[in-house]
Amino acid sequence: MDRHDEQLLQQFFNEAAQQTIADNGFTEQVMSQLPRRSMKWFTRIWTTCCILIAAIFFYLFHGFELLLVQMEVFLRTTMAEPPQVHPAMVVLALFSLLMVGVYEIISYERVIR
């Protein structure tokens, strides 16, 4: 999109934002039904509490030690006997990553427009 198109769009939306449409109080009714902004604080507090609880459980059940043991076991077994990877699995994984990338590009383009 070139600069002239952007200016036209900006002008159109500025003019549209200044217009009022009579809706017999419909907008106010809808806005009153929406959740209050305080719900954002509740979700942030809830997320923080869940993360703290997960971190406490991770510490209480010696999560770091378990991770280190599993990493050591994985590395030792991989060194002793390298995993056999079927070429079809590699192709499937690459194809899946390609599809995710294409989807992200398409959705990004929709947001831009």
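**Reading the helices and their surface**

Me: What makes H4 lie largely in the open?

Reply: Of the 18 residues of H4, the number buried is one, so H4 lies largely in the open. Buried means under 20% relative accessible area, exposed over 50% and partly exposed in between (1.4 Å probe, protein chains only). Helices (H or I, at least four residues) and strands (E, at least two) are DSSP runs, numbered from the N terminus. Please keep in mind that this is a predicted model, where local features need pLDDT of at least 70 and side-chain atom pairs count only at pLDDT 80 or more, while totals for chains, interfaces and linings use all residues. Residues are numbered from 1 along each chain as its sequence is written, and side-chain values use heavy atoms, leaving out hydrogens and water.

Me: Why is the chain called more spread out than a compact globule?

Reply: The chain has five helices and zero strands. Its radius of gyration, taken over C-alpha atoms, is 27 Å, well over the 13 Å that the globule rule gives for 113 residues, so the chain is more spread out than a compact globule. That rule is 2.2 Å times the number of residues to the power 0.38. Buried residues make up 1% of the 113.

Me: How do you know that glutamate 72 forms a salt bridge with arginine 76?

Reply: A salt bridge is a side-chain nitrogen of Lys or Arg within 4 Å of a carboxyl oxygen of Asp or Glu. Here the closest N and O atoms are 2.9 Å apart, and the count by this rule comes to one. Both residues lie in helix H4, four residues apart, about one turn of the helix. An α-helix has 3.6 residues a turn, so residues three or four places apart point the same way.

Me: Why is arginine 76 called exposed?

Reply: Arginine 76 has a relative accessible area of 58%, so it is exposed. Glutamate 72, at 39%, counts as partly exposed.

Me: How do you know that cysteine 49 is in no disulfide?

Reply: A disulfide is a pair of cysteine sulfur atoms within 2.5 Å. A search of the whole structure finds zero of them. For cysteine 49, the nearest cysteine sulfur, that of cysteine 50, is 7.0 Å away. Cysteine 49 is partly exposed, with a relative accessible area of 36%.

Me: Why is phenylalanine 61 called exposed?

Reply: The relative accessible area of phenylalanine 61 is 56%, so it is exposed. Phenylalanine 61 is found in the loop between helix H3 (38-60) and helix H4 (63-80).
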